[in-house]
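Thank you all for coming.

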Amino acid sequence: SHVLGFASMGALAALFGRAASVPQRRRIVPLAGLLLVGPVTLLSWLSWHGLEPWALLLALAILSGLLASIAHRLQLGAPGAVIFIFAASTALQPLDSLTLLWQRSAAMALGVAAAVLLCRLTDHLRVVATTPQPAMLPSQKPSPTPSPGYAARQSLRVAFCAAVSAGIAHAAGWSHPAWAAIGAVAVLQGA
């Protein structure tokens with residue numbers, strides 16, 4: 001029961017690819033699962049090694065930037081990197097044993113497996129609407145294509161804002177400074 005929340009977080013992989021075709025969703029959901037399990041395992045491992053809370057928050061901020069960039073690059077869609085960072089933030093709780101680290105990771109992976117299985121079992125029920133795109137008016141411009149350095153800049157921007165917001169919350173003595181990082185990531189998602 002002490003790792004039930006981690007299993008529930010892993011199941012959030014099913015949120016991704018809801019508007020995608022079946023083949024795309026079959027690619028997206030497992031990728032989202034990896035992006036849920038990996039950061040939780042890494043931050044749990046860092047916590048087990050006794051990193052100070054400020055150092056764990058800095059690691060979360062760096063991961064936030066990387067996850068935002070990866071989610072964008074893989075075009076995982078909504079709900080975006082904020083779910084990965086939210087899940088990773090749950091791993092900031094102190095660990096007293098290596099067993100608990102593996103229990104967290106295994107519970108998360110079990111939740112991901114349940115999400116993948118459920119999505120596969122219900123694929124035949126999905127109807128993805130293919131609505132034609134409305135014609136653009138002459139005054140409208142298409143969204144600009146991100147420049148080659150966009151992912152790196154966005155990753156740094158997200159990491160910086162997550163670090164600053166979590167750092168301020170930590171310095172203020174708030175009980176959940178990771179939530180400040182999550183909020184920073186939420187408002188920085190998108191183009």
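What we have is a predicted model, in which local features need pLDDT of at least 70 and side-chain atom pairs count only at pLDDT 80 or more, while totals for chains, interfaces and linings use all residues. Residues are numbered from 1 along each chain as its sequence is written, and side-chain values use heavy atoms, with hydrogens and water left out.

The chain has seven helices and zero strands, where helices (H or I, at least four residues) and strands (E, at least two) are DSSP runs numbered from the N terminus. Of its 191 residues, 40% count as buried, meaning under 20% relative accessible area, with exposed being over 50% and partly exposed in between, for a 1.4 Å probe and protein chains only.

Turning to the pair, the axes of α2 and α3, the latter spanning residues 53-73, come within 11 Å and cross at roughly 165°; axes here are lines fitted to C-alpha atoms, for helices over the stretch in contact, and angles run from 0 to 180 degrees between N-to-C directions. Angles over 145 degrees count as roughly antiparallel, and α2 and α3 are therefore roughly antiparallel to each other.

Which helix gives the most to the nonpolar patch? That is α2, with three residues. L42, which lies in helix α2, is partly exposed, with a relative accessible area of 38%; patch residues need over 30% and no salt bridge, and nonpolar side chains (Val, Leu, Ile, Met, Phe, Trp, Tyr) are joined within 5 Å, like charges within 9 Å, a salt bridge being a side-chain nitrogen of Lys or Arg within 4 Å of a carboxyl oxygen of Asp or Glu.

Terms used
Angles under 35 degrees count as roughly parallel, over 145 as roughly antiparallel, 65 to 115 as roughly perpendicular and the rest as oblique.
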